[in-house]
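Colleague: I would like a quick walk through this model. Please show it first.

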Amino acid sequence: MNFLAHGWLARGGSDDFLYGNLVADGVKGGDLGGWHAAVAEGIRHHRRVDAFVDSHPAVRQARALAPDGRRRYAGIALDLLWDHFLAIRLPRQERDVLVQRCYRLLEERPAPARLAAMMPVLVRQDWLRAYAEFRFTCRAVEGIGRRLSGPNRLAELLPWLERDYDRLEGAFTRLWEDVTPALEIPPGRDLNRP
């Protein structure tokens, strides 16, 4: 899952909780004592979602479809593709309310150093809505690959994403049917109470 899916699953929580979910990939280590309690809970929630997704049978099966020698990188490409499938399924009005809220939080608050340069670009270029376009999602996958060392293995996965698009969409459907009831935060839930 990437920003849109993490945001969607966390949208029922406070702004601090949602912000923690959005920036969690930029936070290293388990000591979250320097973060406000609700932000830290959001970071932990993001990590639970990632662990759930990475171990889900539909995701393991989808990774197995990747070309030999590229499966190591398939999880990164799939995380962005999951946001694409979610973006095309969400009701536009609900998606837009969430996107505006996410952008407001990302503009108001400093991102962790690892994400500081990317977040303004994400907001300015409207990535969370743009994921609905498959070509944009492919460019995002390729862009991440350029930031990794060595040859762009993620770019090499683009023909696979296009070729197996329907099968991968089926995998997303199975994943989303399980992740939503397990990890979606209902609106208005007070995360500071048991």
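Modeller: From the N terminus on, the elements run α-α-α-α-α-α-α-α-α-α-α. Helices (H or I, at least four residues) and strands (E, at least two) are DSSP runs, numbered from the N terminus. This is a predicted model: local features need pLDDT of at least 70, side-chain atom pairs count only at pLDDT 80 or more, and totals for chains, interfaces and linings use all residues. Residues are numbered from 1 along each chain as its sequence is written, and side-chain values use heavy atoms, with hydrogens and water left out.

Colleague: How many residues of helix H1 are buried?

Modeller: Buried means under 20% relative accessible area (1.4 Å probe, protein chains only). H1 covers residues 3-10, and its buried residues include Phe3, His6 and Trp8. H1 is largely enclosed by the rest of the structure, because the buried count is eight of the eight.

Colleague: What share of the 194 residues counts as buried?

Modeller: The same cut-off, under 20%, applies to the whole protein. Of the 194 residues, the buried share is 49%.

Colleague: Among contacts between residues at least 6 apart in sequence, what share joins residues at least 24 apart?

Modeller: Contact means heavy atoms within 4.5 Å. For residues at least 24 apart, the share is 72%.

How values were computed
Buried means under 20% relative accessible area, exposed over 50%, partly exposed in between (1.4 Å probe, protein chains only).
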